[in-house]
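Welcome, and please open your viewer. We will take the fold one selection at a time.

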Amino acid sequence: MPQSVRRILVVEDDTKTADLVSLYLERAGFQVYRAADGTTALESLRTVRPDLVILDLMLPGLDGWQVCQRLRAESDVPIIMLTARVSENDKLHGLTLGADDYVTKPFSPRELVARVQAVLRRSREAGPPGQIQVGDLVIDLASREVRLGHRRVSLTPAEFRILAVLASEPGRAFSRALLLERAFGYDFAGVDRNIDMHIMNLRRKLEDDSRRPRYIKTVYGLGYKLEAP
C-alpha cells in the first residue's frame, strides 16, 4: 500500500453502516480500519495511527463521547462524529469535546466522503510560517502550539483554527459567519452557536476571568475580536 494513502479508522458497531462507510471510503482511495467498540478504537489509534477517525456515539462499553475525550487527550487526529443523535446540544457537545465535524444519520455516503476529504485538506494545509504574538499570547503556526506567558495552552484543532483566524488581524472584528468560513471553510455545516461554544472554551483556557475577557472581546451585534490587554 503506498505511503501516500490516507488511513481512516471507522468506529461503528453497526455492521451494515460500517460496511457502507468502508465501501465508499475505499472507492475514494482510502485505507480503512475498523473498530466496533471504544476500547478497540483507542488501541487502534496507537497501532494504526490513522489520519482521521469517523466515530459513532452509541457504542458498547465506552461510548463515543468518552472515546472522543480520550482520543483528544492523546492526539490531534481529526474526528468526524457520525451519529443518530441529531439535537443541536449534542452537536455542540461533540464540537466542544474536540470533534472537527458532526454528521447525523441517515447520511449520504458520498457527502461523508466529501467531508472526510475536506477535513483532511484543512488539517494538512500549512499556515503561514512563523509566529503571531498578541500581548503575552504567542501562536506558533508551524507547530500549532499556543503559549500564554510561560504557560503552554492545550487547544483542540478547531479552537486553534478559530484563534489563528482572530490573531491573523488583531483588533479586527470578525462576524460569526466569517469566522466559520475562515476557520472551517464553506463546506463546514456549522451554526453560529458553534462559534460561541468554541469562544467560551478559548476564554476559559486563555483568560484569568472568562467573564471579563482581556484578549477575546465580544463585538456586540457582530462577533468577536482578539486584541492585547
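Two strands pair if DSSP finds at least two bridges between them. Helices (H or I, at least four residues) and strands (E, at least two) are DSSP runs, numbered from the N terminus. The model is a predicted one, where local features need pLDDT of at least 70, side-chain atom pairs count only at pLDDT 80 or more, and totals for chains, interfaces and linings use all residues. Residues are numbered from 1 along each chain as its sequence is written, and side-chain values use heavy atoms, with hydrogens and water left out.

**First stop: the sheet.** Select residues 7-11 and 52-55: these are β1 and β3, parallel strands joined by 4 bridges. Here Val-11 stands opposite Leu-55 of β3. Now show the whole open sheet, whose 5 strands follow the order β2-β1-β3-β4-β5 with parallel pairing. β2 (31-35) and β5 (101-104) each have a single partner strand, so one side of each lacks a neighbour in the sheet.

**Next stop: the helices.** Angles run from 0 to 180 degrees between N-to-C directions, with axes fitted to C-alpha atoms, for helices over the stretch in contact.

Then select α2 (38-48) with α3 (64-74): their axes come within 10 Å and cross at roughly 15 degrees. That makes α2 roughly parallel to α3 (angles under 35 degrees count as such). Which residues of α2 make the contact? Look for Gly-38, Ala-41, Leu-42, Leu-45 and Arg-46, which meet Val-67, Arg-70, Leu-71 and Glu-74 of α3 (contact means heavy atoms within 4.5 Å).

How values were computed. Parallel < 35°, antiparallel > 145°, perpendicular 65-115°, else oblique.
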